[in-house]
Amino acid sequence: MHKGGVEEQSATERFETLVKKEIVDTRTIPSLREIGELEAASARDFVDGILQYAYLAGTSDIHLDPSETLLTVRFRMDGILHDVLAVPKKSLPTIVTRIRVLSELRTDVHQSAQDGRFRVMLGDTPVDVRVSITPTFNGETVVMRLLVSQGRALQLSELGMSKRDQETIERNMKKSYGMLLATGPTGSGKTTSLYSMLQELNKRQVSIITIEDPVEYTIPGLNQIQVNTQTDLTFASGLRSIVRQDPNIIMVGEIRDQETAGIAVNAALTGHLLLSTLHTNDAAVALPRLVDMGIEPFLIASTINVAIGQRLVRRLCTCAKKRSLTIVEREALKKFAAHGFLAKHKTFAEPKGCAKCNRSGYHGRIGIYEVLEMTEKIRGLVVRQATADDIRKAAISEGMTTMLQDGLSKAASGITSIAEVLRVIHG
């Protein structure tokens, strides 16, 4: 195994300590350093060991990143990547081959990207692993996303929305037609929001069908369809079939193209409540984005009930400390904060770091949101093909709280830090 510097070693040791806390008998899992000794451990042991550590540490994604001489293993926890282990790069081909075999991918293809998935039992829990393998200059990179098959979908009240935003969504969920869109980049919690809505809508007197890629949570009472491009079961073709099944409520995992968007809008117009996600920066951009996808503005104005913009920020650990902002910090924040916000809130919490949070100062994540409701004023702007900025200003004038404002409010409450909110919103 590569004998890294103090920083790499301490990161490895911290992860071992974190995981060992979750295990009654520490003999049931080897140390990360034992896993990394590929001369003594096979590629199978390496992959199995990394998956086990990732699952126990609460990791969402595993990255295998090759450099000129090393293969670095990184875990994404609470949205942040951490270097966990480094092994000689010569180990890469056997490790990638092992992952290809598990995913039932071709082992003789190395110059094109491949996507697959497999299921593994970690303890008594079945975990679906979504795999992406891509060739790069230094070798093939692998990203494995862990999806706990028996995971629990959150209730709407657990997402962290303000009372006003939650009431707006619940009011529009009661409508028998129209579209509710969750927007944001990859990993912003959009699908989790849709599942939370589905749990509230899931009644015996209604039929709910979903088409997803992948099915992240299984919910009793729902008919859930997994996209399968090999059999031409795409979002668009699946949605066409779903509409013929006479459902009351439809969930489409993502609107990716004009064809899916067009079918979704028609379904929302013809007596179906449709939930979906769209990759845009915020709620206001979602409406012009649909126009760019070829949907007529009057159809968008008629079908969209609510567009939700969201991000995930890290929660502060219980070790957080409070302090007053400096004059320079307060002046810098004035352009972000609403009038009177800084005058009302004198102190804010910031991360400290302890053994519980792996010295990061954060533990877990929570959403920050903006909920744009389709009012008559917004509807008129959409029909006139107004810009996203004009739509955003109109929504704020009607009481919409932006994601930034929601994040700063959570920072003032000690839930997260100002630095974390600005990192997520402004990069």
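A salt bridge here is a side-chain nitrogen of Lys or Arg within 4 Å of a carboxyl oxygen of Asp or Glu. By that rule, a search of the whole structure finds 20 salt bridges. The model is predicted.

One of the salt bridges joins R171 to E373. Their closest N and O atoms are 2.9 Å apart. R171 belongs to helix α5 (residues 163-173), and E373 to strand β15. The two residues are 202 residues apart, and the pair links distant parts of the chain. Side chains of opposite charge can pair when their charged atoms come close.

**The six-stranded sheet**

An open sheet is built from 6 strands. Their order is β3-β2-β1-β6-β5-β4, and the pairing is antiparallel. The edges are β3 (80-88) and β4 (114-122), each of which pairs on one side only. On average, neighbouring strands of this sheet are turned by 20° against each other, direction ignored.

Within this sheet, β1 (residues 61-66) pairs with β6 (residues 139-148) in the antiparallel sense. The pairing runs over 4 bridges. I62 has M144 in β6 as its bridge partner.

Helix α4 (residues 92-103) lies across β1, β2 (70-77), β3, β4, β5 (125-136) and β6. Helix α4 runs at about 40° to β6.

**The seven-stranded sheet**

Another open sheet has 7 strands, in the order β9-β8-β10-β11-β7-β12-β15. Here the pairing is mixed. Strands β9 (223-226) and β15 (362-373) form the edges, each pairing on one side only. Neighbouring strands of this sheet are turned by 20° against each other on average, direction ignored.

Strand β7 (residues 178-183) pairs with strand β11 (residues 273-278) in the parallel sense, over 6 bridges. A182 stands opposite T277 in β11. Helix α16 (residues 418-426) packs on the sheet and touches β12 (304-316) and β15. The direction of α16 makes about 135° with that of β12.

| Helices | Angle | Axes | Crossing |
|---|---|---|---|
| α7 (residues 235-243) and α8 (residues 258-269) | about 20° | 8 Å apart | left-handed |
| α9 (residues 283-292) and α14 (residues 388-397) | roughly 140° | within 8 Å | right-handed |

Take α7 and α8 to begin with. The helices pack at an angle of about 20°. That makes α7 roughly parallel to α8, because angles under 35 degrees count as roughly parallel. On the α7 side, the contact uses F235, A236, L239, R240 and V243. These meet E259, T260, I263, A264 and A267 in α8. By class, the residues of this contact divide into 7 nonpolar, 1 polar and 2 charged.

Now α9 and α14. Their axes cross at roughly 140°, so α9 and α14 are oblique to each other. From α9, the residues A284, V285, L287 and P288 take part. They meet A388, I391 and R392 in α14. This contact has 6 nonpolar, no polar and 1 charged residues.

**In brief**

The model holds an antiparallel sheet of 6 strands and a mixed sheet of 7 strands.

Definitions and conventions
Residues numbered from 1 in each chain as written. Predicted model: local features only at pLDDT ≥ 70, side-chain atom pairs only at ≥ 80, totals over all residues. Heavy atoms only, no water. Axes fitted to C-alpha atoms, helices over the stretch in contact; angles between N-to-C directions. Parallel < 35°, antiparallel > 145°, perpendicular 65-115°, else oblique. Left-handed = near helix turned anticlockwise from the far one by under 90°. Contact = heavy atoms within 4.5 Å. Nonpolar A, V, L, I, M, F, W, Y, C, P; charged D, E, K, R; others polar. Pairing = 2+ DSSP bridges.
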